[in-house]
Amino acid sequence: MSFPQSPEHPAEDAWYVELLGILELLGAAKVDSNPAAPSQHEAESSNMSWLTDVKSRLDTLASQVQHMDWSAFTSFETDLPQSTTNTASNQSNANKSAENTTQAESLKKQILNQIGAVQAQLNQRIDDAKAALEDVVQHMLPPQLQKAWVAECAQACIDKEIHPELLQTTSVRLGQDICKQEAEFQQKRARHIHRSFAEFIGEPVESIDPRDIPFIGIAGSGGGFRAMVATLGSYRAMHLAGLAQCVTYDAAVSGSSWAIAALHTYANGNPLKVLDSVHEAMKTSMFSTANLSEFITENDGMAKRVFADIAARYLLSAASSSAPIDSQETTNADNLQSASAAESFLGRITDEISWQSKRALDILFPGSTQQSSKPAPLTMDELLSAAKTVFKTVSVPPLSIVDLYGALLFRKLIVQHLKQDDDKGPSLQLDSRWVRLSAQSAAVDQGQLPMPLYTAVRHFIGSDDNDPDKAQLSKYQWFEFSPYEVGSIDHGAWIPSWAFGRPMVDGHEQFKIGEVHFGGILGAASSAFCASVKAMIMEIYMAVPAAVRSAMDPLLDRIEHGTEIAHPIPPYTLYNPFYQIASSTAELAELGSKPLLSLMDAGMDNNLPFAPLLRPERGVDVIVCLDASANIEIMPWFARAEAWASDHGVERWPWGVRPWAADPLRPSKAEAELDQSTLSGTRSVRQSMNKRIRDDNIRCVVFDQPVALSPLPKPKSLPRSVTVLYLPLLPNPNFRNPGFDPETADFCGTFNDKWSSEQVDLLADLASFNMTQEIERIREAVKVAYKRKRAHRLYHEGL
């Protein structure tokens, strides 16, 4: 390759000398293609480092050449005019100057093109070096972390045996109504529990119209493993008393989600089966690397299903980094190659659908079709090739600690642990269906089990640039996950659960991939560690004495806005199913303005799942609150539920009710204003409730009537109040261990995931004891709710 030289300064130019030096380096470089095994990694690393350094020098050189004055490299010398009247000479000089400029630009372009050719060769060598280095590193890793294992793991995300929904095309539903499947479920559930409900309230079954059976919703709180075990203990007592068989909805926040998840997967609603598994699972920490390594090594197929989503997201992230970005520099060849890949992938999907259709016809009408051979399974490589066309316009969700956390939770709690007679440890079982939330619809469809409602929140900041001065506009928006739909309660936007995880633009899917792993949903629903800085400070604030709080107040006032919107640990992020969705409301348009959706623990807003159970269109009549929160007496859960009810026009909320006399710590301005307007004159009622809980050892408080005026406009007809039963997790002097207090017991810490069997039994037994003690009070409240619903129906029917 030859380069033009300056006629005046041939080889002395710095750029020229540097270029010759680089070419000499590249020409002389010889990398040992078969180094000794012990030094192979070192040799490949050294080669990669050397090539990267050369590339840096060449890039710097190209920049220098780009900005050089190339007029010095032409032979033209300007004739200075003798006078301003010598127009002919001036014109001649102007022509020569233009010619000089053209020559300089041509020379510059020639040099840059030749440097570009060297850069292309160098980039190819760097790619080869990267591949060689990766290959060396891969062979240094355990088999389960090598590329082949990760690719096989990710393949589960497009395995139609595990993900039959891959043959379906999805769409977005807008509106506040519950979906058709849920409406049908409510009717089937009422018929299914007809006899159980009659037995529970002590009425003849023939006297009860299924339409009058109140919808009972369990509201499990956050609180990590403490909440999970306590929820299971409460459910065990409800199961034995017949109350669990009368429940319509199982709603949960954070830790109680894990109990509900196990009940709705392998346990089929049996809390005893879950507790048996939890006894074994809690003996070791889910964060133990030795335990995790043993699980992967000894349970290869199961491990692939547990970590499939993480592997797929990792590979998709890699595909996105190599995908060309839409710009003027994207070549037609790039577009043609990407389009071809997408067309090939879509063709495979079409072939699969055609084959399945013919197979169905052949089963119904043997011999009616010419059955072709089954298409080869779709591969992850084909998906990644097609995905590259999407990544030009849709961002890829980043992997985060929440992804791994969710997979570890799934492995600990949804993989069933069965005790063995020997000392080998528990045997593990996993039905592949349970990697999908939508699979939980099988029992729900026939009304056999309540409908589970998992929750998370999106932190809406209130400005595009996250301006701290606008933090007062921030709020948490509730999302719910049911076996039928995933969506936003606040926006009325929904997508089928089986399609959650697919990239969507304007309501149209961009490519098909398996439903998001249920472990990811569990991780998002319980990612309390993604809290804002303010929430983290409040954890400290609540733990210190009142005198210290007073000293902290001025500081918190000064940093309130900035800490409200800062999240040191990023939340769970995935494709936004409502991206660019057509909308007539500003709120939904804002939700659809971002290609990615970030969700976190709903306990950031309210540690009890009132929001999904208070939706007017759902019609829940009784809410049973199982509160295992820390610092339970100073938590603002009822105040925040009331604020949410006011914002969403929920007329049935029992206004003014509070279980504790203490005011919430540092309420928001909206909460304080609402408290001031609705709680006037109710302090004596609150003090009475507080006394009943603490002094009279009542472990269930019944709220079935408002004690304050509603802040909403007066309704046309008087609505039925929702009955709220509040059961706090508190010690009980009549319990077998009266001194046991979950608030102070170290093993009951929110994030402690290693418990002995005795510790599991102690907490579960306390929760069961409290529930059993209060079952008659609950029975009476449910019976009153039934009579109220029946009277309401008869009144409107004119009977």
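Trainee: Between which two elements is the loop that holds Asn631?

Mentor: This is a predicted model, so the values here are computed. Asn631 is not a glycine, yet its phi is positive, at about 50°. The loop that holds Asn631 runs between β14 (622-627) and α22 (637-647).

Trainee: Is Asn697 buried or exposed?

Mentor: Asn697 lies in the loop between α24 (683-694) and β15. Buried means under 20% relative accessible area. Asn697 has a relative accessibility of 13%, so it counts as buried.

Trainee: How many helices and strands does the chain have, and what share of its residues is buried?

Mentor: The chain has 26 helices and 16 strands. Of its 799 residues, the buried ones make up 51%.

Trainee: Among contacts with a separation of 6 or more, what percentage comes from residues 24 or more positions apart?

Mentor: The count concerns contacts in the chain with a separation of 6 or more. Residues 24 or more positions apart account for a share of 77%.

Trainee: Which strands are at the edges of the open sheet of 10 strands?

Mentor: The order in this sheet is β1-β9-β8-β7-β6-β3-β2-β14-β16-β15, and the pairing is mixed. An edge strand pairs on one side only. The edge strands are β1 and β15 (701-703).

Trainee: Which residue of β3 is the bridge partner of Ala219?

Mentor: Strand β2 (residues 216-220) pairs with strand β3 (residues 249-252) in the parallel sense, over 4 bridges. In β3, the partner of Ala219 is Ala251.

Trainee: How many of the 7 residues of strand β7 are buried?

Mentor: Strand β7 spans residues 475-481 and is largely enclosed by the rest of the structure. It pairs in the antiparallel sense with strand β6 (residues 451-460), over 7 bridges. It also runs antiparallel to β8, with 3 bridges joining the two. The number of buried residues in β7 is 6.

Trainee: Which residue of β8 stands opposite Phe479?

Mentor: β7 and β8 form a hairpin with 3 residues between them. Phe479 in β7 is the bridge partner of Ala456. In β8, the residue opposite Phe479 is Ser488.

Trainee: Which residues of strand β9 are buried on each side?

Mentor: Strand β9 covers residues 493-496, and both of its faces are covered.

Trainee: Which residue in the turn between β8 and β9 has a positive phi?

Mentor: The two strands form a hairpin with 4 residues between them. The phi in question is about 65°, and the residue is Gly492.

Trainee: At what angle do the axes of helices α6 and α26 cross?

Mentor: Phe197, Phe200 and Ile201 in α6 meet Ile775, Arg779, Val782, Lys783 and Tyr786 in α26. By class, this contact has 6 nonpolar, no polar and 2 charged residues. The helices α6 (residues 194-201) and α26 (residues 775-796) are oblique to each other. Their axes come within 9 Å and cross at roughly 120°.

Trainee: Which residues does Lys273 contact, leaving aside its neighbours within four places in sequence?

Mentor: Lys273 is in helix α9 (residues 271-281). It is partly exposed, with a relative accessible area of 34%. Its contacts are Tyr266, Ala267 and Gln416.

Trainee: How many disulfides does a search of the whole structure find?

Mentor: A disulfide is a covalent bond between the sulfur atoms of two cysteines. Cys153 is buried, at 0% relative accessibility, and Cys246 is buried, also at 0%. The number of disulfides found in the whole structure is 0.

Technical notes:
Residues numbered from 1 in each chain as written. Predicted model: local features only at pLDDT ≥ 70, side-chain atom pairs only at ≥ 80, totals over all residues. Heavy atoms only, no water. Disulfide = S-S within 2.5 Å. Buried < 20%, exposed > 50% of the residue type's maximum accessible area, 1.4 Å probe, protein only. Pairing = 2+ DSSP bridges. Axes fitted to C-alpha atoms, helices over the stretch in contact; angles between N-to-C directions. Parallel < 35°, antiparallel > 145°, perpendicular 65-115°, else oblique. Contact = heavy atoms within 4.5 Å. Nonpolar A, V, L, I, M, F, W, Y, C, P; charged D, E, K, R; others polar.
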